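Biologist: Could you walk me through this one before I set anything up?
Modeller: Gladly; here it is, and we can start with the surface.

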Amino acid sequence: FGRYSRMLDVGGNSGEFLLRLCRRHVQLRGTVFDLPVVCRVGREHVAGQPEAGRITFMEGDALNGRLPSGVDLVSFKSMLHDWPDEQARRLLVNASEALRPGGTLLVFERAPLEPADGPMSFSMIPFLLFFGAFRSSVLYEEQLRELGFTAIETRRIELEMPFHLITARKSG
C-alpha cells in the first residue's frame, strides 16, 4: 500500500481498514464510500485518531451513484457477495470509472466453501446464510478482463474460511 496516495474503500463500513492503512502509510489519504448511517458510525469511529484528518466518509449509493474519481486504489472487502452477479459487475464498472489509469482494484471476498475444506465449526453458522453468494474468483477475473484490467492476480487466503485476494491494474 506504500505506493498509493489516494484510496477509495467502497462499502468500507467503520473505516477500520482504511484507518489501519493510513496509520501504517503516512502518504495515504482515503475515502470510505457507504450508506449514510454507516458513514455516521464510521466518522465517530475514526474521530480522535491521528489519521482522522486523512480519512473522509462519503455518503451515497455505490450501485447507482457516481464514486469519487481520481483515486489510485479502489477496494472492496467482503462486500460484492451481497449483490447478484449483474449488480456486482456494475459495482466493478463504477470502481473502474473512479480509478486513474494504472490504478489498482482490490477485491477481498470469501471464497466458496468446498467439501475438501473439512468440517465446519459452530462459529461458521452465520456465514452459511451467504453460502450461495460466495463466488469463485474466476467470475471476478473474467469481469475484470472484460473491463480492460490487466495484471490480474489472485491469491487464496485461509482465515476462519477461505478468501480470495484479487488485484488488477486499470489499463492506460
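**Surface, fold and cores**

Modeller: This is a predicted model, and the accessible surface of the protein comes to about 8900 Å², with 56% of that area belonging to carbon and sulfur atoms.

Biologist: And what share of the residues counts as buried?
Modeller: Of the 172 residues of the protein, 46% are classed as buried.

Biologist: How many helices and strands are there, and in what order do they run?
Modeller: The protein has five helices and seven strands, and reading from the N terminus the order is β-α-β-α-β-β-α-β-α-α-β-β.

Biologist: Which residues have the most contacts inside the largest nonpolar core?
Modeller: That core has 24 residues, and the ones with the most contacts inside it are Leu-8, Val-10, Val-74, Phe-76, Leu-80, Leu-92 and Leu-105. At least two core residues come from each of strand S1 (6-10), strand S4 (71-77), helix H3 (85-98), strand S5 (99-110), helix H5 (137-146) and strand S7 (162-170).

Biologist: Which of those gives the most?
Modeller: H3 does, contributing five residues to this core.

Biologist: Okay, and what does Phe-76 touch?
Modeller: Leaving aside residues up to four places away in sequence, Phe-76 touches Val-10, Leu-91, Leu-92, Ala-95, Leu-105, Leu-106, Val-107 and Phe-108.

Biologist: Which residues does the second core include?
Modeller: The second core is separate and has 20 residues, including Leu-18, Cys-22, Val-46 and Phe-108.

How values were computed: Residues are numbered from 1 along each chain as its sequence is written. This is a predicted model: local features need pLDDT of at least 70, side-chain atom pairs count only at pLDDT 80 or more; totals for chains, interfaces and linings use all residues. Side-chain values use heavy atoms; hydrogens and water are left out. Helices (H or I, at least four residues) and strands (E, at least two) are DSSP runs, numbered from the N terminus. Buried means under 20% relative accessible area, exposed over 50%, partly exposed in between (1.4 Å probe, protein chains only). Accessible areas come from the Shrake-Rupley method with a 1.4 Å probe; for residues, only the protein chains shown count as cover. A nonpolar core is a set of buried Ala, Val, Leu, Ile, Met, Phe, Trp, Tyr and Cys residues joined through side-chain atoms within 4.5 Å. Contact means heavy atoms within 4.5 Å.
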